[in-house]
Amino acid sequence: MSVTDQAFVTLATDDVYCQGALVLGQSLRNHKTSRKLAVLVTPEVSSGMRSVLSSVFDEVIEVGVLDSADSVHLALMQRPELGVTFTKLHCWTLTHYSKCVFMDADTLVLCNVDELFDREEFSAAPDSGWPDCFNSGVFVFQPSLKTYNLLLQFAAEHGSFDGGDQGLLNSFFSSWATADIGKHLPFLYNLSSSSVYTYVPAFNHFGRDAKVVHFLGTTKPWNYKYNLQTKRVMQDGTTSGSSHQLSFLALWWNIYSASILPLLEKLQKMEEAESEECKQPVHKVEPRDSNARPSEPDRPSEQPAFQPAFQETSEMNEVAHFVSELSIHFKPAKPTPEDERRKWEEGRMDYMGKDAFEHIKKKLDAFLH
Ligand SMILES: O=c1ccn([C@@H]2O[C@H](COP(=O)(O)OP(=O)(O)O[C@H]3O[C@H](CO)[C@@H](O)[C@H](O)[C@H]3O)[C@@H](O)[C@H]2O)c(=O)[nH]1
Ligand SMILES: [Mn+2]
């Protein structure tokens with residue numbers, strides 16, 4: 001049975017987070033969801049990546065960037081990059097759906113979770129850091145322009161106590177902690193991979209029933225390296241993790257290498273063929289220097305574009321010369337002419353920068369009058 005007026009929704013504001021969105025979408029497909037899959041993207045997401053997204057998601061929807069620009073509160077979390085998570089609020093505008101489940105791009109489903117649609121707005125699981133707050137990485141909501149506008153108004157008036165969407169949503173849906181236990185999703189629907197080692201006995205006892213893993217925190221699965229032969233995530237000196245955490249990471253990479261990489265390679269071949277015609281530089285997949293020291297995980301840059309790069313191990317297999325180590329590199333790419341054209345045609349405000357709240361308020365006023 002397919003339910004076409006309900007959807008899982010995620011968000012990616014750049015080509016880096018798209019890698020996570022793709023794995024999440026694929027995990028939902030693998031577990032045969034009967035709901036639609038929608039991804040919100042912002043103008044920065046390249047046209048190549050949009051086409052890859054559209055082979056996994058039913059809908060790729062462009063939205064403008066909403067940024068809290070609240071460096072003071074974000075500094076308390078040591079996550080200056082998360083102001084842009086206000087963009088999540090756009091999910092309430094998807095009124096062609098009657099109900100949705102939002103999932104962060106750094107989550108992964110381990111089984112079919114369609115039963116989440118039995119819940120009402122606003123349902124979410126406790127945050128492992130402050131359990132009287134919900135974590136905003138997985139939540140059930142009902143799209144509504146009225147709610148959307150109220151959220152923008154609330155943001156303009158009160159801001160967010162953590163500078164991100166989670167602080168804002170917790171203040172807005174403030175009765176969550178006490179009003180209705182039916183709106184508390186079990187922690188198993190948003191298992192933060194880091195709490196696995198902070199309460200090991202609980203994980204040993206309940207962990208087998210985990211339904212959604214959330215790679216919350218600064219280091220995301222795409223920042224690791226993966227060994228295709230052993231099917232394990234490679235640890236460098238800076239990486240520590242329990243074996244459970246490592247197996248969740250390996251699962252993410254399994255899906256990435258089996259289902260997402262072929263799509264990216266297809267795109268790359270097409271781009272290369274096109275550039276042969278137009279003689280333009282493109283992203284390349286290249287074997288990396290096998291003697292080079294593994295570097296720090298690359299941080300996304302201003303205009304990131306994906307570059308899956310194969311890295312060969314130093315000990316070559318004598319029988320077959322094959323690629324065994326995989327890591328994702330992001331390097332600044334020149335936007336394609338298509339990207340340029342799109343930005344030009346849109347010619348619209350991106351709600352970024354220090355006047356973010358002013359922009360939000362303007363938008364709100366436009367709606368109200
Ligand atoms: O540059 C960015 C940053 C975030 N996102 C999206 O926003 C989500 C939230 O960001 P994430 O890096 O996953 O944050 P967390 O490490 O999970 O941190 C917490 O704090 C965030 C800010 O309040 C909340 O959005 C999260 O749900 C909460 O788990 C991501 O998954 C993406 O879908 C982007 O698309 N681009
Ligand atoms: Mn997250």
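**Figure 1. Secondary structure and overall composition of the predicted model.** Ten helices and 14 strands make up the chain. Of its 369 residues, 51% count as buried. Among contacts in the chain with a separation of 6 or more, 71% are between residues 24 or more positions apart.

**Figure 2. The largest nonpolar core, with 56 residues.** Trp252, Trp253 and Tyr256 have the most contacts inside this core. Helix α8 (residues 243-278) contributes the largest share, twelve residues. The core lies between domain 1 (3-186 + 344-368) and domain 2 (243-337), because both domains give residues to it. A second, separate core has 30 residues, among them Leu40, Leu66, Leu89 and Ala124.

**Figure 3. Surroundings of Trp252.** Apart from neighbours within four places in sequence, Trp252 is in contact with Gln19, Gly20, Val23 and Leu108, and also with Phe215, Pro221, Trp222 and Ile328.

**Figure 4. The open sheet β5-β9-β8.** Three strands form this sheet, in which the pairing is mixed. Strand β9 (residues 212-214) runs antiparallel to β5, and three bridges join the two. In this pairing, Thr107 of the chain stands opposite His214 in β9. Helix α8 packs on the sheet and touches β5, β8 and β9. The direction of α8 makes about 80° with that of β5.

Key:
Residues numbered from 1 in each chain as written. Chains lettered and ligands numbered in written order. Predicted model: local features only at pLDDT ≥ 70, side-chain atom pairs only at ≥ 80, totals over all residues. Heavy atoms only, no water. Core = buried A, V, L, I, M, F, W, Y, C linked by side-chain atoms within 4.5 Å. Buried < 20%, exposed > 50% of the residue type's maximum accessible area, 1.4 Å probe, protein only. Helix = DSSP H or I, 4+ residues; strand = E, 2+ residues; numbered from the N terminus. Domains from an automatic or database assignment. Contact = heavy atoms within 4.5 Å. Pairing = 2+ DSSP bridges. Axes fitted to C-alpha atoms, helices over the stretch in contact; angles between N-to-C directions.
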